[in-house]
Amino acid sequence: MKNVVRFTAAALRRRHRPLGRLAGWSAAEALPALLAGHLTARAVDEGFLAGRPGVGLAWLGVLAGAVGIGAFGTRRAYACLGDVVEPFRDELAERVVTGALLRSTGAGARPETSAVARLTHQVEIVRDTFAGLVMVVRGFLFTAGAALLGLSSLTPVVAAVVAVPLLAGLVLFAAALPTMAGRQRDYVRADERLGEAAGAAFAGHRDVVACGAQEFVAERVGRQVDRQAGAERALARMAALRSLSLAVGGWLPLAVLLLAAPWLVRRGLTAGAVLGALVYVATGLQPALHALVQGVASGGLRFAVTLDRILTATAPPGAGTAAPAAPGAGTARRGVEPVPLGAVPVTGDGTAEPVPRAEVRGLTFRYGARARPVLDGFDLTLTEGAHLAVVGPSGAGKSTLAGLLAGLLRPEAGTVRLGGVPVAGADPAVLARHRVLIPQEAYVFAGTLLDNLRYLRPDAPHGQVEAAVDVLGLRPLVRRLGGLAATVDPPTLSAGERQLVAAVRAYLSPAPLAILDEATCHLDPVAEETVERAFAARPGALVVIAHRISSALRARHVLILDGGRPMRGRHDEVLARSATYRELVGHWQGQPAA
């Protein structure tokens, strides 16, 4: 927290004039705390106990006037607060924007969208808590100082007796502050990790369901829930330390004063002086300490933790720090043999026998009972070695077909079989053995990179993982993170890097049917080609929901969906027969359709 202290102290030094005005009005605000005990003692001793109630009321009237002056001082103090807080907020906002620009405009850098959250949310938290902290601290200094000064002038002995437990409570609270700050920081981090884990699980729910990984993901999110709950309980236990500080510094002086009252009276202290001392403790010292402890323990810790995260995140990048490599920016390795995930069945004469990886018969699907069918009586067979690119305009049913093949959607009529197994009613684990779906929004969880890559095949040998990393072009990311054992922080990965991680994971899966539902849309053309060629060479069948013409050109067959009768064939065949496909090809190539 040293950077927080330095940053705050420097900002306050630059605001010395507004702070001087704030101190002046705070002194006026503390006038009742300075005079309350004295005026009460005089009202009692010289007025009410002396049989002169008019004199007593007169002294109380003077106290009322001091309260009026204090109220005016409070009003002016709040008016001065903006001159201290708003420039601090502006400096912090400038730092956030400057840091984001430096990181977003450097060579190979990506736009830093998290700066928006810091600017719109975290900076406002710092501003509000800083304002509260300034008011709480200056309130304690002036109110408690005025009460102690007044108490010392009234009865020095009592002031000394009261000051000891007050200082003890302050020391106890100050000693507990680092632990409280650590607990608050742990809670914030646990809450952020839980949000990231839950957000990633929600965003990748199709991938999770398609891979039959519900229990696995639920367990990972559940661990973050438990950690967040533990951090919250640890933070709640810190309330006991706050209560102890208040008891020692606020209530113990009052108890000591009450117990010592008979002895003080025997020593010549008047009843009015004893009552005045009680007023100083009960209406000055105790409320000021309570406001300080509660304010610092809540808003102060939030201020320190949030400001520390902002300062750390917006620190100027070091000159020697390399910018993260953009996905697909490097040259992909060629000629690497795909990971052997199974053998192709052969006939008795040694020739390969086509294996039906997916069979679709009479498939009809529509969104709503009266909606137009997306697919109507659709048939499709994918055998071993099939490489099909599905193309069509937006809304034509490409992702719907992917969901039906993966068993994520239930058709109105017809059947889908994967490896001879009916999809309808099949256990998710059974489906996961036959097909793997990579959606557009790839799911990456917090953990090691190796765990992410192996989670569809936990027993994958290390050599096969390394080979898959090479054949799909993930090696630059592995190097940047520091190896396969490095911990992955999903929000720090680009969308393209997450898609590469999901691609390697699916590549390692034992499922023979791979479905890429725009799974490479965030990659550059070179990286996309690397991924698709790797899957095409992988044993099994491949279905690619294409978003570039290059994907269709690489495929053995093209399926065009345009709201009418689906058309399937080789690229040149479909190009000759389908006006929609010619239009899409012309759009992709940036030239008019033939």
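The lining of the second largest pocket draws its largest share, 7 residues, from helix H5, helices here being DSSP runs of H or I with at least four residues, and strands runs of E with at least two, numbered from the N terminus. This is a predicted model, in which local features need pLDDT of at least 70 and side-chain atom pairs count only at pLDDT 80 or more, while totals for chains, interfaces and linings use all residues. Residues are numbered from 1 along each chain as its sequence is written, and side-chain values use heavy atoms, with hydrogens and water left out.

Helix H1 (2–13), helix H2 (16–29), helix H5 (114–154), helix H6 (156–203) and H9 each supply at least two residues of that lining. A pocket is an open set of points on a 1 Å grid over the protein atoms alone, where a 1.4 Å probe fits, with protein on both sides within 12 Å along at least five of seven lines, and lining residues have an atom within 4 Å of a point. The second largest pocket has a volume of about 660 Å³, volume being the space filled by probe spheres set on the points, which are joined across faces, edges and corners. Of its 24 lining residues, Thr8, Leu133, Val137, Val296 and Phe303 are the closest to the centre. The lining divides into 20 nonpolar, 3 polar and 1 charged residues, where Ala, Val, Leu, Ile, Met, Phe, Trp, Tyr, Cys and Pro count as nonpolar, Asp, Glu, Lys and Arg as charged, and the others, Gly among them, as polar.

H9 (residues 271–313) also meets helix H8 (residues 214–266): their axes come within 9 Å and cross at roughly 175°, with axes fitted to C-alpha atoms over the stretch in contact and angles running from 0 to 180 degrees between N-to-C directions. H8 is therefore roughly antiparallel to H9, a term for angles over 145 degrees.

Glutamine 286, found in H9, is buried, with a relative accessible area of 15%, buried meaning under 20% with a 1.4 Å probe and protein chains only. Leaving aside neighbours within four places in sequence, glutamine 286 is in contact with Gly250, Trp251, Leu254 and Val281.

Further along, helix H10 (residues 398–406) is mostly covered, with 8 of its 9 residues buried, including Lys398 and Thr400. Just after H10, glycine 407 takes a positive phi of about 80°.

Notes
Angles under 35 degrees count as roughly parallel, over 145 as roughly antiparallel, 65 to 115 as roughly perpendicular and the rest as oblique. Buried means under 20% relative accessible area, exposed over 50%, partly exposed in between (1.4 Å probe, protein chains only). Contact means heavy atoms within 4.5 Å.
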